[in-house]
Amino acid sequence: MLRRRMGEEHFFSMLRELMTRYGGKEISTEGFRELAAQFLPPKSDDPKLEAFFEQWVYGTGIPSLKLAWSIKGKAPSLRLAGTLTQSDAGEDSSVIAPVEIQVARGHTITQWVRSANDPVSFTVPLKQPPLKVTLDPHYAVLRR
C-alpha cells in the first residue's frame, strides 16, 4: 500500500536510503514513518504519513469501500461524478483510495479519494467517455 501511495521511483529511493542509514540496524516504526514521509511525491494528501500509519499500522479496522459514478455533460466537456462510500470502519477512520479511469487503451487517470464516515463526492473532468472506471484495481489499500 505504501509503494502504491509513494509511486515506484519514490518507494525504491526510500528503500535505498533505508538500507544506507539502517542496513543491519533497528529502526522504530516512527523512524520508518518519518523516513518514508521524506520520499512522498510533492503535495501529498498526507505529507507526514500520519493518517496512513494511524489507519494501517496502529489501527485494527478494515473498511468496506463502494464506488458509484456517472458521466455528466457532453464531449469534450465531460465530468465523471463519483461517490465513495465507506462502511465497517471505526469512528473517524478514512483511507485514501485510488479510482482508476481508463480513458483510452493504455491511458489511465488515477484520482485519489479520501473516504470518510459519510459518503464522499468527487468529480474528474474528461474529454471523452471512460472505457472503464475501477476502485483500487491493484489493491493499494487494505479493504473488504
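**Entry 1. Aromatic rings**

I began with phenylalanine 12, which counts as partly exposed at 32% relative accessibility. I note the classes once: buried means under 20% relative accessible area, exposed over 50%, and partly exposed in between, with a 1.4 Å probe and protein chains only. The model is predicted, and local features require pLDDT of at least 70, side-chain atom pairs count only at pLDDT 80 or more, whereas totals for chains, interfaces and linings use all residues. Residues are numbered from 1 along each chain as its sequence is written, and side-chain values use heavy atoms, with hydrogens and water left out.

Phenylalanine 11 has a relative accessible area of 14% and is therefore buried. I then looked up ring pairing, for which the rings of Phe, Tyr and Trp (its six-membered ring) must have their centres within 6.5 Å; planes under 30 degrees apart count as stacked, over 60 as edge-to-face and the rest as tilted. I found three aromatic pairs in the structure. Phenylalanine 11 and phenylalanine 12 form an edge-to-face pair, because their planes stand at 80° with the ring centres 5.4 Å apart. Phenylalanine 32 and phenylalanine 53 make a tilted pair, with 6.2 Å from centre to centre and 50° between the planes. Phenylalanine 32 belongs to helix H3 (residues 29–37) and phenylalanine 53 to helix H4 (residues 50–58), so this pair ties together parts that are 21 residues apart in sequence. Phenylalanine 32 is partly exposed at 23% relative accessibility, whereas phenylalanine 53 is buried at 3%. I also recorded a cluster in which ring pairs link Phe32, Phe52 and Phe53.

**Entry 2. Chain overview and helix H4**

I next listed the secondary structure; helices (H or I, at least four residues) and strands (E, at least two) are DSSP runs, numbered from the N terminus. The chain has four helices and six strands, and along the sequence they follow the pattern α-α-α-α-β-β-β-β-β-β. The C-alpha trace spans about 55 × 35 × 20 Å along its principal axes. Of the 144 residues in the chain, 35% are buried. Accessible areas come from the Shrake-Rupley method with a 1.4 Å probe, and for residues only the protein chains shown count as cover. The accessible surface of the chain comes to about 8900 Å², and carbon and sulfur atoms hold 51% of that area.

I took contact to mean heavy atoms within 4.5 Å. Among contacts between residues at least 6 apart in sequence, 59% join residues at least 24 apart. In H4, I found Phe52, Phe53, Gln55 and Trp56 buried; the buried residues of this helix pack against helix H1 (2–6) and H3.

Two strands pair if DSSP finds at least two bridges between them. Three strands form an open sheet with antiparallel pairing, in the order E1-E2-E5. Strand E1 (64–74) and strand E5 (120–126) are at the edges with a single partner strand each, so one side of each has no neighbour in the sheet. The twist averages 20° from one strand to the next; axes are lines fitted to C-alpha atoms, for helices over the stretch in contact, and angles run from 0 to 180 degrees between N-to-C directions. Strand E2 (residues 77–87) is joined to E5 by seven bridges, and the two run antiparallel. Alanine 81 stands opposite threonine 123 in E5.

**Entry 3. Isoleucine 101**

Which residues does isoleucine 101 touch? Leaving aside residues up to four places away in sequence, I listed Leu80, His107, Thr108, Ile109, Val124, Leu126, Pro130, Lys132 and Val133. Isoleucine 101 lies in strand E3 (residues 96–104) and counts as buried at 0% relative accessibility.

**Entry 4. Backbone details**

The peptide bond from alanine 75 to proline 76 is cis, with omega near 5°. Proline 76 is placed in the loop between E1 and E2. Leucine 49 is not a glycine, yet it has a positive phi of about 60°. Leucine 49 sits in the loop between H3 and H4 and is buried, with a relative accessible area of 0%. Aspartate 136 also has a positive phi, near 45°, in a residue other than glycine. I located aspartate 136 in the segment after strand E6 (132–135), and it counts as buried at 0% relative accessibility.
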